[in-house]
Amino acid sequence: MLFWMATTLAVLLGGTYAFVVWRASTGGTAAGGPVQDFLASPEGILTALVSFAGIWIGLWFAMRFVHREPLAALVGDSRRVSWPGFLKGLIAVLITSLLSEILLYWLQPEIARGAIGLSTWLLFLVPIVLLALLQTSSEEALFRGYLLRGLANRFNNPLIWAGLPLLLFSALHWSASSTLAINACVLVSIASFALVLTLLVYATGNLGVAFGAHLGNNLTGFLLISHQESYNSFALFNARPLEGPGWTGFDAVLIAAIGIVSSLLTAVLLLHPRSPLRVRPA
């Protein structure tokens, strides 16, 4: 975790400096601060995603030199990613993301075509998918792998070994630019999704389904419909940004409810005995 934070800080500061120098050389002006401008740019998004490699490096170091185990031990007892579980998790979340986007459109029907052209979007499609997989898999390996596994070996209470990683993961999604109500609804939605991911890892004994589910969630926002003004450079469509003004407390409640329903439906699709997407222990 500390290694990733140090790596991320170095990469983002270096990228920001290069971005500012490039903007100055082309006569551009900054709309916000240099860091914010860089992170909102396509270069900044790509750089931020690459920085998540630091989590994998840090996990490898901790497993190799502290715990004397292979990195693959974090994936599950089989030490191999369950690719059938990965695919089912990806499909399930793409389905529930479509449902949640329909409900969000009903709540706030403001969707505009993104600035990216279709040819450019297709050009960056594979790199974004691969970098999003790097990001989401590193987060799952850290929160649903390393932290959950380590705490479960020390504490029998699931409120500790499952609850603490869930709270930490959710808290990292706090946005200083959003209102308290919107932050609350986003954190509730993130926490419900994280709880489902934890249940899936517990049910399968493998991170594969969590890798796929988390990837499906992030790809929807990165490539299809963005709800964040600072991360919409590669999205085909932009919805009303959550960090923008005008959201009411009732809107926040409905957004949280949509997130909870979407997470519950994901759990049903992946855990119900009669579901064609049901996952099994790897």
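**Figure 1. Helix α8 (residues 163–171) has five residues that are buried: G163, P165, L166, F169 and S170.** These residues cover an arc of only 165° around the axis, which puts them on the same side of α8; the arc is taken from the directions of the C-beta atoms as seen from the helix axis. An α-helix has 3.6 residues a turn, so residues three or four places apart point the same way. The model is predicted: local features need pLDDT of at least 70, side-chain atom pairs count only at pLDDT 80 or more, and totals for chains, interfaces and linings use all residues. Residues are numbered from 1 along each chain as its sequence is written, and side-chain values use heavy atoms, with hydrogens and water left out. Contact means heavy atoms within 4.5 Å.

**Figure 2. The chain as a whole holds eleven helices and three strands.** In sequence order the elements run α-α-α-α-α-β-α-α-α-α-α-β-β-α. Helices (H or I, at least four residues) and strands (E, at least two) are DSSP runs, numbered from the N terminus. Of the 282 residues in the chain, 45% are buried. Among contacts with a separation of 6 or more, 70% come from residues 24 or more positions apart.

**Figure 3. Three strands make an open sheet with mixed pairing, in the order β1-β3-β2.** The edges are taken by β1 (111–113) and β2 (225–226), each with a single partner strand, so one side of each is left without a neighbour in the sheet. β1 pairs with strand β3 (residues 237–239) over three bridges, in the antiparallel sense. In β3, F237 is the residue opposite R113. Two strands count as paired if DSSP finds at least two bridges between them.

**Figure 4. R240 sits in the loop between β3 and α11 (249–271).** With a relative accessible area of 17%, R240 is buried. Apart from neighbours within four places in sequence, R240 is in contact with Q108, E110, H227, P245, G246 and W247. The C-alpha atoms of R240 and Q228 are 8.0 Å apart, while the two residues are twelve residues apart in sequence. Q228 belongs to the loop between β2 and β3 and is partly exposed, at a relative accessible area of 42%. From Q228 to G244 the C-alpha to C-alpha distance is 8.8 Å, and the separation in sequence is 16 residues.

**Figure 5. The second largest pocket has a volume of about 410 Å³.** The pocket is lined by 19 residues, and the closest to its centre are G76, D77, L148, R149 and G205. α6 and α9 each supply at least two residues of the lining. The helix that gives the most is α6, with five residues. On a 1 Å grid over the protein atoms alone, a pocket is an open set of points where a 1.4 Å probe fits, with protein on both sides within 12 Å along at least five of seven lines; lining residues have an atom within 4 Å of a point. Grid points are joined across faces, edges and corners, and the volume is the space filled by probe spheres set on the points.

**Figure 6. S82 is located in the loop between α4 (53–66) and α5 (83–107).** S82 has 18% relative accessibility and counts as buried. Not counting residues up to four places away in sequence, S82 touches N206, G208 and A282. The loop between α4 and α5 also holds R68, with phi near 55°, a positive value in a residue other than glycine. R68 is exposed, at a relative accessible area of 61%. R79 is found in the loop between α4 and α5 too, and its phi, near 60°, is likewise a positive value in a residue other than glycine. The relative accessible area of R79 is 43%, and R79 is partly exposed.

Methods
Buried means under 20% relative accessible area, exposed over 50%, partly exposed in between (1.4 Å probe, protein chains only).
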